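This briefing is meant to be read beside the coordinates, with the sequence at hand for looking up individual positions. Please keep both in view while going through the points.

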Amino acid sequence: MWDWLKSTKTSATKQELQQNQPAETNPIDASKVKVIVITGTSGSGRKSTAKQLSLSLGIPYVFPYTTRAIRPLERNGEHYHFISDAEFQAMLERNEFFQTVHLERGNYGISELDLLSALEAHKAVIVVVNHEGVQAFRKKFGDAALRIFIYVTKDDIRLRLEREGVPSGIMEEYLGNYTEQVIFKKESEYLLQNIDPNTTVENIKGFLQGKI
């Protein structure tokens with residue numbers, strides 16, 4: 001039933017990971033499914049927004065796999081699927097990823113099986129990705145990939161990361177990447193500043209009304 005969704009190339013090669021490139025996929029019939037793609041600036045609350053939106057709408061949030069170190073207050077299976085470099089490489093070689101990216105702090109990937117299973121059950125999913133991931137989903141799903149860009153100010157990022165006990169090096173990385181990330185906000189269908197998390201979720205739900 002879901003052969004139409006499977007791509008001829010569902011995971012990046014090791015070289016592509018090093019170049020920070022998403023896997024190439026083929027366009028599909030946009031009338032079949034919807035993918036809510038939450039993106040934006042690092043530290044803006046994208047994952048917490050996705051989880052809250054998932055609970056509110058009853059649409060699954062597909063957690064990425066990552067090789068980066070787990071942080072304080074994070075739990076495996078609730079924030080990411082935390083795996084080793086060797087496990088990630090093995091999944092990569094088995095073509096198990098829909099999309100992958102390599103960042104300074106580690107590798108990230110979204111399982112194609114997780115994505116397919118969620119779409120088969122619900123016809124809609126929520127994902128959180130950076131700009132490379134947005135490109136991969138947009139290339140695969142076309143207009144069915146609804147891009148939502150969330151951002152906050154640099155001061156908000158610093159305060160939130162301090163509250164979460166994130167190491168200062170990661171904080172400086174987020175702040176250093178802010179300008180590069182925020183320039184992509186005009187490419188999304190919906191843009192909003194995440195001042196109050198509950199209001200953000202309600203605003204997103206309003207945007208999605210009639211679209212999913």
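The model is a predicted one, and its secondary structure comes to 8 helices and 8 strands. Of the 212 residues in the protein, 51% are buried.

**Overall make-up**

- Among the contacts in the protein with a separation of 6 or more, 70% are between residues 24 or more positions apart.
- The protein exposes about 10300 Å², and carbon and sulfur atoms supply 49% of that area.

**Helices H2 and H8**

- The crossing in which H2 passes H8 is right-handed.
- On the H2 side the contact is made by Thr 49, Gln 52, Leu 53, Ser 56 and Leu 57, while H8 brings Pro 197, Asn 198, Thr 200, Val 201, Ile 204, Lys 205 and Leu 208.
- Sorted by class, the contact of H2 with H8 has 6 nonpolar, 5 polar and 1 charged residues.

**Two residues of H2**

- Thr 49 lies in helix H2 and has a relative accessibility of 1%, so it counts as buried, the cut-off being under 20%.
- The C-alpha atom of Ser 56 is separated by 8.8 Å from that of Lys 205, although the two residues are 149 residues apart along the chain.

**Helices H6 and H7**

- Helix H6 (residues 154–163) packs with helix H7 (residues 168–182) at an angle of about 160°, their axes being 10 Å apart; since angles over 145 degrees count as roughly antiparallel, H6 is roughly antiparallel to H7.
- H6 passes H7 in a crossing that is right-handed.
- Lys 154, Ile 157, Arg 158, Leu 161 and Glu 162 of H6 make this contact together with Met 171, Glu 172, Tyr 174, Leu 175, Tyr 178 and Thr 179 of H7.
- The residues of the contact of H6 with H7 divide into 6 nonpolar, 1 polar and 4 charged.

Methods: Residues are numbered from 1 along each chain as its sequence is written. This is a predicted model: local features need pLDDT of at least 70, side-chain atom pairs count only at pLDDT 80 or more; totals for chains, interfaces and linings use all residues. Side-chain values use heavy atoms; hydrogens and water are left out. A crossing is left-handed if the near helix is turned anticlockwise from the far one by less than a right angle, and right-handed if clockwise. Helices (H or I, at least four residues) and strands (E, at least two) are DSSP runs, numbered from the N terminus. Contact means heavy atoms within 4.5 Å. Ala, Val, Leu, Ile, Met, Phe, Trp, Tyr, Cys and Pro count as nonpolar, Asp, Glu, Lys and Arg as charged, and the others, Gly among them, as polar. Buried means under 20% relative accessible area, exposed over 50%, partly exposed in between (1.4 Å probe, protein chains only). Accessible areas come from the Shrake-Rupley method with a 1.4 Å probe; for residues, only the protein chains shown count as cover. Axes are lines fitted to C-alpha atoms, for helices over the stretch in contact, and angles run from 0 to 180 degrees between N-to-C directions. Angles under 35 degrees count as roughly parallel, over 145 as roughly antiparallel, 65 to 115 as roughly perpendicular and the rest as oblique.
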